[in-house]
Amino acid sequence: MAEIVNLEQGESIGCAGLQAFERIADRKRLSPTALKAFRLLAVKWSLLDSEAVALLGVSDNAWKAMLDRDSGKTLSEDQLTRVSALLGIYKGLHTVFTEAMADRWLQLINTNPLFRGRSPIAAMIEEGYALMRETRSQVEAMGQGI
């Protein structure tokens, strides 16, 4: 994660360089913070458990275990990459919109061709990480006035 957003206090904690997540030591080190951030995102975005499971790419049982703050779960490279993209979306939306709208935006039906009449959450669940990455890019562009 190039940057970790502290959802509880609205702060960002910058990290030196980009993180690729392929080293197990890095994944073990980053997983507790990533899981905490994702659990907070799930609450802020009012995600159903089924939506959280699909966005993170885990099973129902794995998600239930992850809800335990001391689960000790090490996320995969794919899962950390997904969390990173979703945190980027969160940060970007809070740059563009008020807090209430930023947290609702993902649940609203969107006519943008990227989402094809679906909510961004539904579209990202159906299309996976590629659409998460594209959504993050679009949200960041909105924040830059593009």
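**Figure 1. Contact of helix 1 with helix 4.** The axes of helix 1 (residues 24-44) and helix 4 (residues 77-96) come within 10 Å of each other and cross at roughly 45°. Helix 1 is therefore oblique to helix 4. In this predicted model, local features need pLDDT of at least 70 and side-chain atom pairs count only at pLDDT 80 or more, whereas totals for chains, interfaces and linings use all residues. Residues are numbered from 1 along each chain as its sequence is written, and side-chain values use heavy atoms, with hydrogens and water left out. Axes are lines fitted to C-alpha atoms, for helices over the stretch in contact, and angles run from 0 to 180 degrees between N-to-C directions. Angles under 35 degrees count as roughly parallel, over 145 as roughly antiparallel, 65 to 115 as roughly perpendicular and the rest as oblique. The crossing of helix 1 and helix 4 is left-handed (the near helix is turned anticlockwise from the far one by less than a right angle; clockwise would be right-handed). From helix 1, Arg27, Leu30, Ser31, Ala34, Ala37, Phe38, Leu41 and Lys44 meet Glu77, Leu80, Val83, Leu86, Leu87 and Tyr90 of helix 4, where contact means heavy atoms within 4.5 Å. By class, the residues of this contact comprise 10 nonpolar, one polar and three charged. Ala, Val, Leu, Ile, Met, Phe, Trp, Tyr, Cys and Pro count as nonpolar, Asp, Glu, Lys and Arg as charged, and the others, Gly among them, as polar.

**Figure 2. The protein chain as a whole.** Seven helices and two strands are present in the protein chain, and from the N terminus on the elements run β-β-α-α-α-α-α-α-α. Helices (H or I, at least four residues) and strands (E, at least two) are DSSP runs, numbered from the N terminus. Of the 146 residues in the protein chain, 40% are buried. Buried means under 20% relative accessible area, exposed over 50%, and partly exposed in between (1.4 Å probe, protein chains only). The protein chain exposes about 7800 Å², of which carbon and sulfur atoms supply 51%. Accessible areas come from the Shrake-Rupley method with a 1.4 Å probe, and for residues only the protein chains shown count as cover. Among contacts between residues at least 6 apart in sequence, 56% join residues at least 24 apart.

**Figure 3. Surroundings of Phe38.** Phe38 lies in helix 1 and counts as buried because its relative accessibility is 1%. Apart from neighbours within four places in sequence, Phe38 is in contact with Ala52, Leu55, Leu56, Trp63, Val83 and Leu86. Phe38 and Leu56 are 18 residues apart in sequence, and their C-alpha atoms are 8.5 Å apart in space.

**Figure 4. Contact of helix 2 with helix 4.** The axes of helix 2 and helix 4 come within 9 Å and cross at roughly 115°, so helix 2 is roughly perpendicular to helix 4. Ala54, Leu55 and Leu56 of helix 2 make the contact with Gln79, Arg82, Val83 and Leu86 of helix 4. The residues of this contact are five nonpolar, one polar and one charged.

**Figure 5. Contact of helix 6 with helix 7.** The axes of helix 6 and helix 7 come within 6 Å and cross at roughly 140°, so helix 6 is oblique to helix 7. Ala123, Met124 and Glu127 in helix 6 meet Tyr129, Ala130, Leu131, Met132 and Thr135 in helix 7. This contact has six nonpolar residues, one polar and one charged.

**Figure 6. Surroundings of Thr135.** Thr135 is located in helix 7 (residues 129-143) and is buried, with a relative accessible area of 0%. Neighbours within four places in sequence aside, Thr135 is in contact with Ile89, Trp105, Leu114, Phe115 and Met124.

Figure 7. Ser46 lies in the loop between helix 1 and helix 2 (49-56), and Arg116 lies in the loop between helix 5 (99-104) and helix 6 (120-127). Although not a glycine, Ser46 has a positive phi of about 55°; Arg116, also not a glycine, has a positive phi of about 50°. Ser46 counts as exposed at 56% relative accessibility, and Arg116 counts as exposed at 56%. Leu67 is found in the loop between helix 3 (60-66) and helix 4 and counts as partly exposed at 41% relative accessibility. Leu67 and Arg39 are 28 residues apart in sequence, with a C-alpha to C-alpha separation of 7.3 Å.
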